[in-house]
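The sequence and structure are shown first.

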Amino acid sequence: MNKLTPRYEYSRYVIKQKVHELLGIKCPFGFCVRYAVKANPHTEIVSIMNRSGIHFDASSSYEAVYLIEQGVEAGKISLSSQQAPHNFDYLLDKGILFVATSLKQLELFLAEPSHPLRVGVRINPDFNLGGHNKRTSTGGVNASFGIWHEYIPQVLEMVSKCGVLVDRLHIHVGSGSDPDIWGQVMDVALEVVEKMPDVNILDIGGGYKVHRYGSEGETNMKQVGAVFSEKLNNFANKTGRQISLEIEPGTYLVAHAGVLVATVDDIVDTGKNGYTFLRLNTGMNDFLRSVMYGARHKIEVINDAEEKIPYVVVGHNCESGDIFTPVENDPESIDTIMLSKAGIGDEVRIYDVGAYCASMRARGYNSFPDATEVMVD
Ligand SMILES: Cc1ncc(COP(=O)(O)O)c(C=O)c1O
């Protein structure tokens, strides 16, 4: 295996375990797991998901094309994108499932000569649970995602004029690990389903939190699945409508599978009243979560030192924001982490980086080459 650093290592074993766990969830009227491929589009990860029977959530038409090129059947891909597809006719001909995330996208879909007679829509129901800072709202008035719920009558009028049915509802407004939160998200989603008479598939999105650092919780998906099932059963009893459920996690399936292995390139300090900075041979060009969201990850220096020292761990980019140890959820403030006393050349491991790390980096900044990505057993 390539032992050069920086490198991302992804564990096949961990991914397969997570896949197995999610495919074991039971729902009363059908259940589908979609992998949110933006979390990590590594070819072998896509292949593991595909071979295991997982379907896919694409967040851009480019992701949808990539998945098709990777051998994924188009009918297993749901496309819900912030940008209108660059190749609508090709994707619709192939048979992807389209979710309109704005009225304009719905209009474009209906204008396509070969559009199918069923479509999905993403609705923003004026509800947001679990945004951990101001940058992670996915619902409510601060979020541009989806069609504002007050426009549902307009949506229904537009499709009915063209003989099209909205059969899939997509909602992604929650994140967290608490089953009660997921129960509330389901309640809100079902209120929207009630307003859309032809919906028989509910995609309730991703956002199932995993523990990476500090007090972050780990979602118990079996419990969440039980809450979903109970709510769907109650809904069926009340309305006679049997709704099939889809979830589209990225983080839950791959976050724990990844480790970023780096090397201490330099150690500098700012005197008695300052800090000691551990400078790595990687940074925001490979890993942006801490810079963008103030996300924290477990970090270890791999050596035999017994002494622990408080370090600010920083990246190699010429940017003061390029840090791995911000105050949690506050990317503008720096914090320290107690690590084994390090020497230049020591290996450093940053854990739980399988999701939104290699796929969401400030690629090319300072012209640094990308960290490599390897699969491990
Ligand atoms: C629409 C949608 N679906 C799924 C996901 C996947 O979320 P996560 O990786 O947190 O499970 C996201 C993440 O932002 C999303 O916006």
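Which residues on the other side of H8 are exposed? On that side, Asn 237 and Lys 238 are exposed. The model is a predicted one, and what follows is computed from its atoms.

Helix H8 covers residues 221–239. Its buried residues are Met 221, Val 224, Gly 225, Phe 228, Lys 231, Leu 232 and Phe 235. Viewed down the axis of H8, the buried residues fall within an arc of 130°, so they line one face of the helix. The elements that cover the buried residues of H8 include H1, helix H7 (179–195), strand E10 (244–247) and H9. After H8 comes Gly 240, which has a positive phi, near 80°.

In helix H7, the buried residues are Trp 182, Val 185, Met 186, Val 188, Ala 189, Leu 190 and Val 193. Their cover includes strand E8 (165–170), strand E9 (201–203) and H8. For both helices, the reach from first C-alpha to last is close to the span expected at 1.5 Å a residue:

| Helix | Number of residues | Reach, first to last C-alpha | Expected span |
|---|---|---|---|
| H8 | 19 residues | 26 Å | 27 Å |
| H7 | 17 residues | 25 Å | 24 Å |

**Domains**

The protein is split into domain 1, residues 12–255, and domain 2, residues 256–376. Their C-alpha centres are 32 Å apart. Contact between the domains involves 21 residues of domain 1 and 19 residues of domain 2. On the side of domain 1 that touches domain 2, helix H1 (12–23) and helix H9 (251–254) each supply at least two residues. H1 gives the largest share of that side, three residues. By type, the residues of this side of domain 1 are eight nonpolar, eight polar and five charged.

**Two buried positions**

Gly 354 sits in the loop between strand E18 (347–351) and strand E19 (372–376). Is Gly 354 buried or exposed? Gly 354 is buried, because 30 other C-beta atoms lie within 10 Å, and the cut-off for a buried residue is 20 or more. Gly 354 and Ala 255 are 99 residues apart along the chain, yet their C-alpha atoms are separated by 4.0 Å. Leaving out residues up to four places away in sequence, Gly 354 touches Tyr 10, Asn 40, Val 254, Ala 255, His 256, Ala 257 and Gly 258.

Val 312 belongs to strand E14, residues 308–314. This residue is also buried, with 21 other C-beta atoms within 10 Å. Which residues is Val 312 in contact with, leaving aside neighbours within four places in sequence? They are Tyr 275, Phe 277, Ile 323, Thr 325, Ile 334 and Thr 336. For one of these, Phe 277, the C-alpha atom is 4.8 Å from that of Val 312, at a distance of 35 residues in sequence.

**Ligand shell**

The ligand is surrounded by 17 residues, and the closest are Ala 36, His 172, Gly 206, Gly 250 and Thr 251. The shell divides into six nonpolar, nine polar and two charged residues.

Technical notes: Residues numbered from 1 in each chain as written. Predicted model: local features only at pLDDT ≥ 70, side-chain atom pairs only at ≥ 80, totals over all residues. Near = placed C-beta within 6 Å. Nonpolar A, V, L, I, M, F, W, Y, C, P; charged D, E, K, R; others polar. Domains from an automatic or database assignment. Contact = placed C-beta atoms within 7 Å. Helix = DSSP H or I, 4+ residues; strand = E, 2+ residues; numbered from the N terminus. Expected span 1.5 Å × (residues − 1). Buried ≥ 20, exposed ≤ 12 C-beta atoms within 10 Å, placed from the backbone. Arc of directions from axis to C-beta.
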